[in-house]
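Dear colleague,

Please find below the structure I promised to hand over, together with its sequence. My notes on what was found in it follow.

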Amino acid sequence: MKSYEVNFDGLVGPTHNYGGLSYGNVASQSNSQQSSNPKEAALQGLAKMKALMDMGFQQGVLAPQERPDVAALRRLGFAGSDAQVIQQAAKEAMPLLVASCSASSMWVANAATVSPSADTADGRVHFTAANLNCKYHRSIEHPTTSRVLGAMFADQQHFAHHAALPAVAQFGDEGAANHTRFCRAYGEAGVEFFVFGRSAFDTRYPAPQKYPARQTLEASQAVARLHGLREEGVVYAQQNPSVIDQGVFHNDVIAVGNGEVLFYHEDAFLETDKMLAELSSKLAKVGGKFQSVCVPRSAVTVDDAVRSYLFNSQLLSRPDGSMLLIVPEECRSNERVWQYLQGLTGAGGVIREVKVFDLKQSMQNGGGPACLRLRVALNETELAAVNPGVIMTAPLYDSLTQWVERHYRDRMTENDLADPQLLLECRGALDELTQILKLGAVYPFQIN
Ligand code: SUG
């Protein structure tokens with residue numbers, strides 16, 4: 001049976017702004033309080049989806065969330081009408097209002113961890129929504145994420161959904177940003193690779209000194225158990241704590257994998273050789289031949305990787321078995337990175353082509369091409385069971401761009417977030433969106 005990797009990209013929400021909310025994420029911190037352009041952000045994301053669809057890849061779309069999150073503000077003690085809640089928060093606790101307005105759900109690599117049916121005990125595709133426990137503004141995403149994923153992958157015969165892990169730092173889980181899957185073909189059993197930043201319960205593991213390690217070993221292990229993965233089909237590795245301290249807040253900022261290939265930076269992991277050997281032997285047991293492409297620090301420094309997002313790229317398989325790398329524009333403007341990429345694609349290895357996308361609006365908050373997509377490997381039957389409303393087509397692209405043009409502002413600052421009118425605008429837009437994507441009622445304002 002045919003199988004595919006379907007990339008579901010997060011549609012940027014209408015409140016996209018630079019809140020400076022993510023300590024440890026260099027771009028988010030350094031662009032704090034700049035004015036943003038939500039319309040441009042959404043159109044840049046849609047252009048990438050359209051381009052991948054036009055190249056023949058399976059492409060889907062994942063809806064943004066209701067923001068400002070008035071219900072979250074109410075839980076923090078703000079009261080009255082919705083407008084009063086927003087006005088009171090703006091007056092007394094602007095950082096909380098900003099956090100409740102973040103469009104961070106666009107980075108859907110953090111929405112969930114997904115295990116394809118070929119890897120799981122019950123033969124279904126398993127999803128665990130990420131608790132995103134490290135940052136308040138992201139920790140409020142998972143209830144809606146679960147509803148949206150439930151509406152997209154509704155058929156229980158093929159899809160199993162797990163609630164987010166317990167909402168404490170010991171089970172901090174950032175979803176697919178720290179998860180990669182290796183396989184010979186998408187529909188065959190593979191090896192799931194979980195990268196953690198620290199252990200919450202075992203003090204023998206080192207931890208970063210400056211910035212938080214968002215993913216714990218125990219969270220990754222819990223997800224593997226929930227999904228019914230075989231021990232032989234799982235590899236755990238620890239992220240090098242010193243790169244976390246240099247701004248590598250997720251593994252997908254320093255490594256990306258696809259098919260039988262891992263593309264990674266020399267400093268990405270601890271005990272790299274042992275990890276590569278385990279990946280290689282476990283992949284061999286399911287018929288695959290593991291290949292790694294290591295980028296040496298002499299060619300690209302960790303700082304270059306963090307600034308250019310070289311590894312936050314999409315590594316995609318082409319029909320001839322070679323691969324294509326989708327990178328952000330920032331890779332072209334970094335001389336060392338661009339030179340490295342020229343050498344890489346010219347060397348006749350597996351990665352043959354690089355395509356550059358302008359995703360500046362998202363990049364300024366630390367979100368590159370890979371952050372913006374959630375990968376779901378599906379066989380033909382499973383793909384047919386996905387809600388067809390969320391699969392990208394030329395007409396859907398047209399409706400979504402028109403929808404963005406109609407509803408999105410082209411400038412957003414802190415003052416705009418304090419405007420109660422914004423809430424009404426966003427709800428109006430999202431109500432229409434759920435009809436376009438045929439999601440049914442998924443937002444708090446639709447179900448309460
Ligand atoms: O969680 N930025 C996101 C970026 C997530 C990128 N995702 C992956 N690497 N997979 C984060 O740090 C910034 C929001 C702000 O500051 O306004 C933010 O949430």
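Ser322 sits in the loop that runs between strand 12 (314-317) and strand 13 (323-328). Please bear in mind throughout that this is a predicted model. With a relative accessible area of 3%, Ser322 is buried, because residues under 20% are counted as such. Its side chain makes a polar contact with the side chain of Asp320, at 2.7 Å. Leaving aside residues up to four places away in sequence, Ser322 touches Leu316, Ser317, Val350 and Arg352.

Two of these neighbours, Leu316 and Ser317, return in the description of the largest pocket. That pocket holds about 530 Å³ of space. It is lined by 23 residues, and those closest to its centre are Tyr186, Leu316, Ser317, Arg318 and Pro319. Strand 1 (3-10) and strand 12 each supply at least two residues of this lining, and strand 1 gives the most, with 4 residues. By class, the lining of the largest pocket comprises 11 nonpolar, 8 polar and 4 charged residues.

Turning to helix 4 (residues 82-92), which of its residues are buried? They are Val85, Ile86 and Ala89. These three lie on the same side of helix 4, because they cover an arc of only 95 degrees around the axis. Lys91 and Glu92, on the other side of helix 4, are exposed. The cover over the buried residues of helix 4 includes helix 3 (70-75), helix 5 (94-101), helix 17 (414-417) and helix 18 (420-436).

The largest cavity contains about 220 Å³ of space. Its lining consists of 18 residues, with Glu5, Val114, His179, Arg181 and Arg375 nearest the centre. Strand 6 (179-182), strand 9 (255-258) and strand 15 (373-379) are the elements that give two or more residues to this lining; the largest share, 5 residues, comes from strand 15. The lining of the largest cavity divides by class into 9 nonpolar, 5 polar and 4 charged residues.

The second largest cavity has about 190 Å³ of space. It is lined by 23 residues, of which Ser22, Ser104, Trp107, His137 and Asn365 lie nearest its centre. In this lining, 6 residues are nonpolar, 15 are polar and 2 are charged.

With kind regards

Definitions and conventions
Residues numbered from 1 in each chain as written. Predicted model: local features only at pLDDT ≥ 70, side-chain atom pairs only at ≥ 80, totals over all residues. Heavy atoms only, no water. Buried < 20%, exposed > 50% of the residue type's maximum accessible area, 1.4 Å probe, protein only. Polar contact = N/O pair within 3.5 Å; in protein donor to acceptor, adjacent residues only side chain to side chain. Contact = heavy atoms within 4.5 Å. 1 Å grid on protein atoms, 1.4 Å probe; cavity = no way out; pocket = protein on both sides within 12 Å on 5 of 7 lines; lining within 4 Å. Points joined across faces, edges and corners; volume = space filled by probe spheres on them. Nonpolar A, V, L, I, M, F, W, Y, C, P; charged D, E, K, R; others polar. Arc of directions from axis to C-beta.
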